[in-house]
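Subject: Structure handover

Hello,

The structure is below, followed by notes on what was found in it.

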Amino acid sequence: MIIYNVTSNIDERIHQKWLVWVKEHIPQVLATGHFTEAKLTRVLVEEDLGGVTYSVQYRAKSREALDAYYKNDADKLRQDVLKHFGESVLSFRTELEVVDEYTVTEK
């Protein structure tokens, strides 16, 4: 399984507006059909640059699904953030391969 991680640092002046926007954006990404779920998390470290940092982790259905997302949908969805926020949001993307998963079973 592949996790497509988007980490974004948001200028504090637009933080609340971005948070409302991203909660609408994530369902649009999921609607492409290439992912099974997404998690929005706040990064709990202070950035030297300031701002507030979040990570969105999308679970891709497969490597092929992620490649199809890049080919068919990514550019349009990335342009949307630029249109709304310009350089007030700095993002970078990481691909992660799940090697193994563990859970705790309560007794």
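In strand S4, Glu-97 is the bridge partner of Ile-2. Helices (H or I, at least four residues) and strands (E, at least two) are DSSP runs, numbered from the N terminus. This is a predicted model, in which local features need pLDDT of at least 70 and side-chain atom pairs count only at pLDDT 80 or more, while totals for chains, interfaces and linings use all residues. Residues are numbered from 1 along each chain as its sequence is written, and side-chain values use heavy atoms, with hydrogens and water left out.

Strand S1 (residues 2-10) runs antiparallel to S4, and nine bridges join the two. Strands count as paired if DSSP finds at least two bridges between them. The open sheet has four strands in the order S2-S3-S1-S4, with antiparallel pairing. Its edge strands, S2 (35-42) and S4 (89-97), each pair on one side only.

Helix H1 (residues 15-30) packs on the sheet and touches S1, S2, S3 (52-60) and S4. Contact means heavy atoms within 4.5 Å. The direction of H1 makes about 165° with that of S2. Axes are lines fitted to C-alpha atoms, for helices over the stretch in contact, and angles run from 0 to 180 degrees between N-to-C directions.

H1 also packs against helix H2 (residues 63-85), at an angle of about 165° and with the axes 12 Å apart. The two helices are therefore roughly antiparallel (angles over 145 degrees count as such). Residues making this contact include Trp-18 and Trp-21 of H1 and Leu-77 and Phe-85 of H2.

Regards

Key. Angles under 35 degrees count as roughly parallel, over 145 as roughly antiparallel, 65 to 115 as roughly perpendicular and the rest as oblique.
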